[in-house]
Amino acid sequence: MNINATLIGQSIAFFLFVWFCLKFIWPPLINALNERKKAIADGLAAAERGQHEQELAQKRAAEVLHEAKQQASEIIGRAEKRANEIVEEAKTDAKQEGGRILTAAQAEIDQEVHRAREALRSQVVGIALAGAEKVLEREIDASTHDDLLNKLVAEI
Amino acid sequence: MASEELTSSGYIKHHLVNLTYGRDAEGNWGFAETAEQASEMGFWAIHVDSLLWSVVLAAIMFYFFRKAARRATAGVPGGLQNFVEMLVEFVDDSVKGSFRGKNELVAPMALTIFGWVFLMNLMDLVPVDWLPMLAAQTGAAIFSADPHHVFFKVVPTTDPNITFGMALAVFWLMIYYSIKVKGLGGFLGELAFQPFGKWMMPVNLILEGVSLISKPISLSLRLFGNMYAGETIFILIAIMYGAGLVLGSFAGLLQLGWAIFHILIITLQAFIFMTLTIVYMDMAHAKDH
C-alpha cells in the first residue's frame, strides 16, 4: 500500500498501450464496422428499390393484361361482325344466282316451247296437205298453192 | 512457512503486501522481505507483481485485439472478430453518447481502459492463494528465497499505484487538451473566474481547484477501494477453509456467491472508469462550462 514509482511505470504503460490501440487496433476495427454498416444499408436500400420495381412491374403487367383483354374482345367483336357480313353476302349472292338460274331456265323453256310449236306447225301443214290430197284425190301442186299454204301456216 | 507461525492476521497481511523491488536501508537493491522493508524503500521502488500483471494482461488483450484487427473485414466476421467488434461498438457508442468534441484519441483510450481494467479486475476471481503460492514456490526454487517472504499480489487494481497511475495519465491528458482547446488563458480563466465571477477569484480558485484535483483522486480511489474490498473479502473467505469441514464447505459456497456478485463489480468498475474518463475528456474539450 505504499505509493511509489509503480505509479510512474503504470502511467508510461498506459500511454504506450493507448498509443498502440490508437495506432493499430482501433482504426481497422472501426473501419470494418463502418464498411459493414454501409454495406448493410446499401443492401437494404437495394432490396427496397427492388421491391418498388417489382410493384411497378406488377402494375404494368396488370395494365398490359387489361389492354390485351380489351383488344381481344374488340377483335372478337369485329370478327363476329365480319362473319355476319359474310353470311349476308352469301345470302344475297345465292339469291342472285338463283334468280339467274331461274331466268335461264325460263328462257330455255320458252325456247323449247317455241321450237315445239314450229315443229308442230310444219307437221300440221303436212297433215293438212295430206288431208287435202286425200280429199281432192289429186296431188296439189305445192308450188301453185304455196301462197295458200303459207297463209294457213301463218294462221296456225 | 516455518519461520513464522501462521496466524489469520499474518495471512491477511501477507496477502496485502506487494512484491517490492527497491533500495533497502543499507542502500542495496533487492526485493523487500517484509512489509516494513517495503515501506522503508520509499518512492523509488517498484511493485513488480502489479506492474508485471498489468502489462502482461494488457499484452494478452492487445494480442487478441490485434489479431482481430488484422483480419478485420467488412464481410461476415469470425468469432474473435465478432467479440472484439462487440466491444469496439459498445465503447464507440459510449464515446458518441458522452463525448461531444472531436478527438481521435478518446475512443481508443476508452477501449484500452475498459478492457484493461476489466482484465486486471478479473484477476480477483482467481482463487487468492493459487498464484501467490506458485510465486512463492518459484521464488524458493529459482532465487532460493524464503517462500514466506515472497509477496505476490495478482490483482493490479488492488494496488493504488496502478489506479493512480492510470488516473494521473487521464488527468494529464485532460489538462493537456484543456489547454490545447481553450488556450492557457481559457483554462486558467475557468479555474479563476467561475462560478462566481472575477471579484470572488480566491473562492473560485479554491472551488475549481478542489474539483479539478478531486477528479483523478476519486477516479483512482473508487476503483482501488472497490477492488481492495473485494480482494479482502476473498482473503477472509479463504481463511475459513482452514476452519474444519463444515466451515470450509460453507466458505466454498460463500466464495462462489461472492465471486458471482463480484463479476458485476468487476465489469461495473471497468465501465465506470471508462465512462468517467470519457466525461472528463468531454469537459476538457467543452468550450462552454
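Predicted model: local features only at pLDDT ≥ 70, side-chain atom pairs only at ≥ 80, totals over all residues.
Chain A contains two helices and zero strands. Its C-alpha trace extends over about 195 × 20 × 20 Å along the principal axes. The radius of gyration of chain A is 61 Å, whereas a compact globule of 156 residues would have a value near 15 Å.

Chain B contains nine helices and three strands. In sequence order, these elements of chain B follow the pattern α-β-β-α-β-α-α-α-α-α-α-α. Along its principal axes, the C-alpha trace of chain B spans about 65 × 55 × 40 Å.

Helix α9 of chain B covers residues 244-285, a run of 42 residues.

Helix α4 of chain B, residues 79-98, packs against α9(B) at an angle of about 35 degrees, and the two axes are 9 Å apart. The crossing of α4(B) and α9(B) is right-handed. On the α4(B) side, the contact is made by B:F90, B:V91, B:S94, B:V95 and B:S98. On the α9(B) side, B:F271, B:M274, B:I278, B:V279 and B:D282 take part. Residues three or four places apart in an α-helix point the same way, because an α-helix has 3.6 residues a turn. By class, the contact between α4(B) and α9(B) comprises seven nonpolar, two polar and one charged residues.

Note on methods:
Residues numbered from 1 in each chain as written. Chains lettered and ligands numbered in written order. Heavy atoms only, no water. Helix = DSSP H or I, 4+ residues; strand = E, 2+ residues; numbered from the N terminus. Expected span 1.5 Å × (residues − 1). Axes fitted to C-alpha atoms, helices over the stretch in contact; angles between N-to-C directions. Left-handed = near helix turned anticlockwise from the far one by under 90°. Contact = heavy atoms within 4.5 Å. Nonpolar A, V, L, I, M, F, W, Y, C, P; charged D, E, K, R; others polar. Rg over C-alpha atoms; globule rule 2.2 N^0.38 Å.
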